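Let's take a walk through this protein together, from overall confidence down to single side chains. Keep the viewer open and follow along as we go.

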Amino acid sequence: MSIMAGWQFQCAATTCLPFSTDIASNIVQCQSNCLAHVQCKAASFHQSNSSCQLFDSMPNQNNSLVLTIGTVAMMVVSGTRIPSDSITTSTTVAPTTSTTTTTTTSITLIPDECNSMYYNRPSYSVGYSPLTISVTDLNGDNKPDIVTASYTTNTTSVLLNRGNGTFSSQVIYPTGKSPQTVATADTNGDNKSDIVTANSGENTVTVLLNIGNGSFASPITYPVGNYPYSVALADVNNDNQPDIITTNVGTSTISVLLNNGNGTFSPQSNYTTGNLPYSVAVVDVNNDNKSDIITANFGTGTVSILRNTGNGIFASPITYSAGPSTYSVAAVDVNNDNKPDIITANGGANTVSVLLNMGNGTFYSQIAYSTGTRPYSVAVVDVNNDNKPDIVTVNYAVSTVSVLLNIGNGIFAFPINYATSSSPSSVAIADVNNDNQPDIITVNYGTATVNVLFNIKNGSFSSQIMYATGSSPQSVVIIDVNNDNKPDIVTANNDANTISVLFNAGNATFYSQNNYSISNGSFSAAVVDVNNDNKPDIIVANYASNTVSILINTGNGIFSIRNNYSTDSFPRSVAVVDVNNDNQPDIITANYASNTVSILLNTGNATFSSQINYPTGNGSYSVAVVDVNSDNKPDIITANNDANTVSILLNKGNGTFSSQITYSTGSYPRSIAVSDVNDDNKPDIITANYGTGTISVLVNIGNGTFYSQLSYSVGSYPRSITVFDINSDSKPDIITGETGIPAIGVFLSKGNGTFNPRISYSAGNYPYSVAIADLNNDNKPDIVTANNDALNGANYVGILFHC
């Protein structure tokens with residue numbers, strides 16, 4: 001069902017009556033009540049009295065909605081009502097001789113790799129604190145299913161593939177205490193994949209035998225070493241039966257449990273490894289047809305290789321250096337010499353290490369490649385169909401995956417980063433939608449979810465793409481700065497005191513940043529030709545130094561710092577517009593601490609006069625300069641964070657301005673846009689209100705006066721706003737950057753100055769600024785965000801491509 005908080009159907013209060021009104025304890029029960037009736041097309045849940053109203057006809061549903069606090073409107077998504085799967089059922093199977101089931105219900109949307117307009121990533125709930133993931137066909141339908149292990153609930157979750165790349169809701173099975181990892185293989189020779197977990201809380205492994213159709217028997221446990229952290233299933237004694245191998249962090253050992261042949265296992269044999277072995281891979285590294293064991297040793301930043309001497313007996317470890325805090329290991333031939341190489345994810349260095357196999361089971365020294373921050377897990381698969389295995393990591397601290405494409409001979413390109421849900425801890429690769437393209441599946445510790453990132457084409461994936469910037473990017477601008485007819489990206493980076501310029505490479509990708517140092521506290525940027533040489537220059541408002549910096553474009557997108565000019569206190573926002581009709585763009589800043597705007601008139605050749613200041617409302621946070629009263633003179637509009645107002649300063653001519661006129665907005669307006677949203681040729685005002693989680697629309701009456709605000713609910717803490725026609729219907733839509741639960745909000749225009757309910761798209765953490773442009777020359781507007789994740793030291797721009 002499509003869910004819209006803060007809305008109800010008008011017909012609930014007028015002539016169109018619900019066919020049923022029930023009492024529901026919560027929104028989930030109301031959704032279930034609707035989906036239980038075939039004729040139900042929509043519902044309104046009233047939180048104040050727990051009333052659940054069901055409707056059987058909603059021919060023009062968007063125009064039947066009205067804002068109502070404390071009410072949630074829900075509509076059944078056409079074509080997604082599947083009797084057995086519309087309701088998410090979590091089934092817990094108890095470990096008793098007679099199976100007992102406990103069912104809880106929640107509703108999920110059937111996801112699509114392209115959600116309405118922009119590529120998005122489906123998300124599925126699993127047990128709390130999921131640490132690892134395995135993807136394999138569990139029910140014999142030739143479609144890969146998902147298995148996760150949930151550390152805090154002592155369970156494993158099974159999500160069966162519906163067949164179109166979507167997954168049914170989790171079925172939950174008990175494991176031992178605190179399962180760290182999960183692996184799958186047919187352990188008893190019945191051609192059905194079984195589940196094995198490593199349980200760190202009780203020093204055991206749990207085996208759940210597949211009894212058919214992806215259902216599992218009660219768990220069987222076996223002792224292993226102290227604090228088992230990782231588990232693998234592989235035949236180590238050449239009897240064609242998978243054995244169990246665990247890494248044991250408490251004793252820095254591995255345990256090997258040989259398969260007895262019927263899905264039961266012999267007692268453990270233990271072998272010493274490096275310090276704190278976090279991960280294990282099993283592969284024949286020396287071409288003797290015996291599977292060897294490789295461990296990633298977190299404590300020493302090394303890998304240990306234990307060679308198989310026969311019959312599942314292993315020699316003492318040989319150790320090689322990898323990166324610090326080695327979390328995860330994979331062993332795959334990456335340079336096409338038919339010898340498996342070693343790849344590790346190094347959480348302490350934010351790298352992967354590649355150790356190429358010399359040919360006799362010995363390895364060259366590591367080659368390191370950068371990833372996102374704190375890579376926890378690594379997978380190595382050819383994701384772009386060039387017959388060269390690529391590297392994929394999940395980056396726990398910044399909630400991303402990094403894809404490093406293999407460019408040949410085991411050499412890898414710079415990472416391409418994609419957003420996930422919070423704190424991804426494990427990754428798997430499989431074609432889940434049967435399009436012959438390998439997709440990425442992550443399990444996310446922070447949100448107890450799995451994400452599916454669909455492979456769109458040639459190793460590009462359905463999620464926001466990320467590029468590094470300077471520290472704490474506050475503002476983003478998209479414009480062609482090097483005259484190649486491709487829009488480039490410019491960010492202002494507050495903590496780094498820099499400007500980052502990312503050139504468009506021309507294939508929907510961007511080159512790494514070029515940085516320019518400027519004055520302290522670069523908070524806002526504008527890119528405009530200020531010296532009339534047909535090359536766009538950069539103007540930056542520097543919050544901490546009470547200045548603006550001018551960076552002159554010297555050609556080919558290279559900039560030189562020309563001058564700094566003083567403003568009033570704490571300039572938060574900058575606009576560059578000709579306000580005195582001399583055909584030279586002037587500088588206007590909104591100054592937070594002094595409650596003013598500063599105007600610096602262009603005196604020619606990119607020099608500017610001293611500031612002239614005008615009072616605004618308290619906490620002037622954002623500024624726009626637009627002619628709002630149709631006199632052909634641009635006026636100044638500010639969003640005043642501390643006063644919950646906007647100020648309008650009408651231009652008298654010659655670049656002087658009348659005293660402010662103020663209008664109320666929502667709480668803490670932090671961003672402003674000015675655009676004609678109702679097609680009357682008069683520019684209207686739109687603000688993003690951080691404190692109330694709303695946007696305000698103030699429609700222009702004419703002569704520079706405005707109606708009182710119309711308010712629309714958004715996600716939490718909207719910090720940025722822009723207006724652009726993103727669905728090509730010639731009506732300006734509203735796009736917000738929301739920093740609480742990070743998202744992009746899209747409000748499609750109805751054409752009369754009102755807007756449809758918000759559509760949400762996934763974004764990276766803390767999208768502080770948002771801009772729109774066609775980045776890949778497909779005539780569709782893409783969304784770019786500046787993401788300031790200072791908590792995790794992650795600073796980047798995110799790109800959401802229009803599909």
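This is a predicted model, and its protein chain averages a pLDDT of 87, with 88% of the residues scoring at least 70.

Now step back to the chain as a whole. Its secondary structure comes to 1 helix and 79 strands. Of the 803 residues in the protein chain, 60% are buried. Among contacts with a separation of 6 or more, 45% are between residues 24 or more positions apart. The chain exposes about 29,000 Å², and carbon and sulfur atoms supply 46% of that area.

For a look at one of the strands, go to E15, which spans residues 179-185. Strand E15 is mostly covered, with 7 of its 7 residues buried. Its partner here is strand E16 (residues 194-199): the two run antiparallel and are joined by 6 bridges. You can find one end of this pairing at Pro179, whose bridge partner in E16 is Asn199.

Next, the aromatic rings. How many aromatic pairs does a search of the whole structure find? The search finds 25. One of them is formed by Tyr222 and Phe265, and it is edge-to-face because the ring planes meet at 80°, over the 60 degrees needed for that class; the ring centres are 5.7 Å apart. This pair links distant parts of the chain, 43 residues apart: Tyr222 lies in strand E20 (residues 220-223), while Phe265 is in the loop between strand E23 (253-257) and strand E24 (269-272). Tyr222 counts as buried at 11% relative accessibility, and Phe265 counts as buried at 6%.

Another aromatic pair, Tyr278 and Tyr327, is tilted, with 5.7 Å from centre to centre and 55° between the planes. Here too the pair links distant parts of the chain, with Tyr278 in strand E25 (residues 277-283) and Tyr327 in strand E31 (residues 326-332), 49 residues apart. Are these two tyrosines buried or exposed? Tyr278 has 15% relative accessibility and therefore counts as buried, and Tyr327 is buried with a relative accessible area of 13%. Both belong to one aromatic cluster, whose members are Tyr227, Tyr229, Tyr278, Phe298, Tyr327, Tyr376, Tyr396 and Tyr445.

Ser500 lies in strand E49 (residues 498-502). With a relative accessible area of 0%, Ser500 is buried. Which side chain does the side chain of Ser500 meet in a polar contact? The partner is the side chain of Asn515, at 2.5 Å. Leaving aside residues up to four places away in sequence, Ser500 touches Thr469, Gly470, Ile489, Val490, Thr491, Asn493, Gln513, Asn514 and Asn515.

Ser647 is buried, with a relative accessible area of 0%. Its side chain reaches the backbone nitrogen of Gly617 at 3.1 Å. Gly617 is also among the residues that Ser647 touches beyond four places in sequence, a list that includes Thr616, Ile636, Asn640 and Gln660. For a sense of spacing, Ser647 and Val623 are 24 residues apart in sequence, and their C-alpha atoms are 9.5 Å apart in space.

Our last stop is in a loop. Asp480 is found between strand E47 (473-479) and strand E48 (488-493). Which backbone nitrogens does the side chain of Asp480 reach? The side chain of Asp480 reaches the backbone nitrogen of Asn482 at 3.2 Å and the backbone nitrogen of Asn485 at 2.8 Å. Beyond residues up to four places away in sequence, Asp480 touches Asn485, Lys486, Pro487, Asp488 and Pro536. Asp480 and Asn556, in turn, are 76 residues apart in sequence and 9.9 Å apart in space, C-alpha to C-alpha.

How values were computed:
Residues numbered from 1 in each chain as written. Heavy atoms only, no water. Buried < 20%, exposed > 50% of the residue type's maximum accessible area, 1.4 Å probe, protein only. Contact = heavy atoms within 4.5 Å. Polar contact = N/O pair within 3.5 Å; in protein donor to acceptor, adjacent residues only side chain to side chain. pLDDT = per-residue confidence, 0-100. Helix = DSSP H or I, 4+ residues; strand = E, 2+ residues; numbered from the N terminus. Areas by Shrake-Rupley, 256 points an atom, 1.4 Å probe, with all protein chains shown as cover. Pairing = 2+ DSSP bridges. Phe/Tyr/Trp six-rings, centres within 6.5 Å; stacked < 30°, edge-to-face > 60°.
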